[in-house]
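Please look over the sequence and the structure shown here. The paragraphs after them go through a few places, one at a time.

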Amino acid sequence: MTERLSDATLAALEPGIARPAYDRGSLRHGIVHLGVGAFHRAHQAVYTEAVLNSGDTGWGIVGVSLRSPDTRDALTPQDGLYTVAVRDATGESLQVVGAITSLLVAPESPAAVLDALTAPDTRIVSLTVTEKGYCHKPATGELDEANADIVHDLAAPATPKSAIGYLVEAIARRRAAGLAPFTVLSCDNLPSNGETVRRVVTRFAEMRDPDLAAYIGGAVTFPSTMVDRIVPATTDADRQTVADALGLVDAWPIATEPFSQWVVEDRFASGRPAWEDAGVTFVDDVEPFELMKLRLLNGSHSTLAYLGYLAGHETVHATMMAPGFDALVRGLMEEEAIPTLPPIAGFDMRAYGGELRDRFRNPALKHRTWQIAMDGSQKIPQRLLNTIRACRASGLGHERLSLGVAAWMRYVTGTDEEGRPIDVRDPMAERIKAGLAGKSSADEVAKALFGLGIFGDDLPADSGFVDSLTAQLKRLMGEGAARVAAGFG
């Protein structure tokens, strides 16, 4: 099989496979998306595809990769088309998505990206650039003014490297040209993600031009969002399975779960798609939903990733099937995280937690623990440490949450329980490695990691937290992750 998925071969698809119901040639590009990775293609692009299929063709997507050309190289020969395979224990359904019609690689042509951002039709700039892409300090949410990309972008605004640099330069150009402002729509797992990106964008603009910062404050909107869908990395086996079903080659399909959720604050500067018709929930305040997801789903996911990896489990499904892990996650949710959350009218959080555990057990999703474990220094402040802070403020226990953080500490030592090296992928990996050099005991490892700024100033000064965390790290080092987890069952 050599024929490739493309506009020219859509008609050759096997019957029963969903495909674009609109004329792709008639699309106008209303959205530019920074960070066009797997999650965006399985989530926001799928919601937008539903809007396009309804007949509103003003919301085509220009996808921008800020680092790697891989997505562009895979999808451009396919005219931007790709397949979403939705899988669970009962089987799979396939949809070919056409919402992304243009793909750019920022380092190759900053000018082309800025042209897309300043096009009159562009009304929304959305982002999935991961926590580290905001060039902020995770413990405080403030712009990291010493970040190398930020320093570069201040000195060379016409050739940015960071998402923040691109946003501010594009806003400045639109303002100078008399064009309407776009909405900046963060879709990353950050607390108050809209407020976070507003804060770093405004601070960066202040460093360039205080008048520009004032304009941003009055004209540009930054809605907060909550996004939820589990999207494992695509494998060669996924490509083969999808090709067999399509009768065509798709170089970069997406495998995902049936569940999908998107909650958005309804604050858009220049209009938006009717995403509510595709299942998006628009609200005045997304924070209760965001906190619920960060503390229940993301906090549990990270805990499962570090403990599961250390215990020798490749996937989340395998981890959940091992002794004690399901009980551990249930206790983390129900006894530690849920009591810290504000109630949401008409929403049963314990039922939501049960649904999450069912999703984690989905055997059709091969979501690797190593993949989830990436970038832990950026993730654990939001996913675990803030929940621990809330527990301590309310006098609640946090044994399981502390275990999740301790598992991260054990993971970043760089050697697993069998003495094999761990490929630690983290923006602070070199600092972590240097800080841990010559350290072997739990007390030494914890103390070194406390000094990296990840934990803020408060937690390292809190003897109760330090003692709890160090005790959990000692258990992991002495007993191993599998035995510690089994103790919760």
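In which helix does Gln378 lie? The model is a predicted one, and in it Gln378 belongs to helix α15, made up of residues 376-394. Gln378 has a relative accessibility of 7%. The cut-off for a buried residue is under 20% relative accessible area, so Gln378 counts as buried. Apart from neighbours within four places in sequence, the residues in contact with Gln378 are Glu131, Lys132, Pro138, Pro427 and Met428.

The loop between α14 (369-372) and α15 holds Asp375. The phi angle of Asp375 is near 60°, which is a positive value in a residue other than glycine. Asp375 counts as buried, because its relative accessibility is 9%.

Another positive phi in a residue other than glycine is found at Thr130, where the angle is near 65°. Thr130 sits in the loop that runs between β6 (124-127) and α5 (148-155). Is Thr130 buried or partly exposed? Its relative accessible area is 31%, so Thr130 is partly exposed.

Next comes helix α8, residues 210-219. Its buried residues are Leu212, Ala213 and Ile216. Viewed down the axis of α8, these buried residues fall within an arc of 100°, and therefore they line one face of the helix. Pro210, Asp211, Ala214, Gly217 and Gly218 are exposed on the other side of α8. Among the elements that cover the buried residues of α8 are α6 (163-177) and α7 (193-208). At the N-terminal end, α8 is capped by Asp209. A side-chain oxygen of Asp209 is 3.0 Å from the backbone nitrogen of Asp211.

The last place is a pair of helices. Two packed helices are described by the distance between their axes and by the angle between those axes. How do the axes of α10 and α13 cross, and within what distance do they come? Helix α10 covers residues 287-310 and helix α13 covers residues 349-360; their axes come within 11 Å and cross at roughly 35°. This crossing of α10 and α13 is right-handed. On the α10 side, the contact is made by Met292, Lys293, Leu296, Leu297, Ser300, His301 and Leu304. On the α13 side, Met349, Tyr352, Leu356, Arg359 and Phe360 take part. Sorted by kind, the residues of this contact are eight nonpolar, two polar and two charged.

Technical notes. Residues are numbered from 1 along each chain as its sequence is written. This is a predicted model: local features need pLDDT of at least 70, side-chain atom pairs count only at pLDDT 80 or more; totals for chains, interfaces and linings use all residues. Side-chain values use heavy atoms; hydrogens and water are left out. Axes are lines fitted to C-alpha atoms, for helices over the stretch in contact, and angles run from 0 to 180 degrees between N-to-C directions. Helices (H or I, at least four residues) and strands (E, at least two) are DSSP runs, numbered from the N terminus. A crossing is left-handed if the near helix is turned anticlockwise from the far one by less than a right angle, and right-handed if clockwise. Contact means heavy atoms within 4.5 Å. Ala, Val, Leu, Ile, Met, Phe, Trp, Tyr, Cys and Pro count as nonpolar, Asp, Glu, Lys and Arg as charged, and the others, Gly among them, as polar. Buried means under 20% relative accessible area, exposed over 50%, partly exposed in between (1.4 Å probe, protein chains only). The arc is that of the directions from the helix axis to the C-beta atoms. A polar contact is a pair of N or O atoms within 3.5 Å; within protein, one must be able to donate a hydrogen and the other to accept it, and residues adjacent in sequence count only if both atoms are side-chain atoms.
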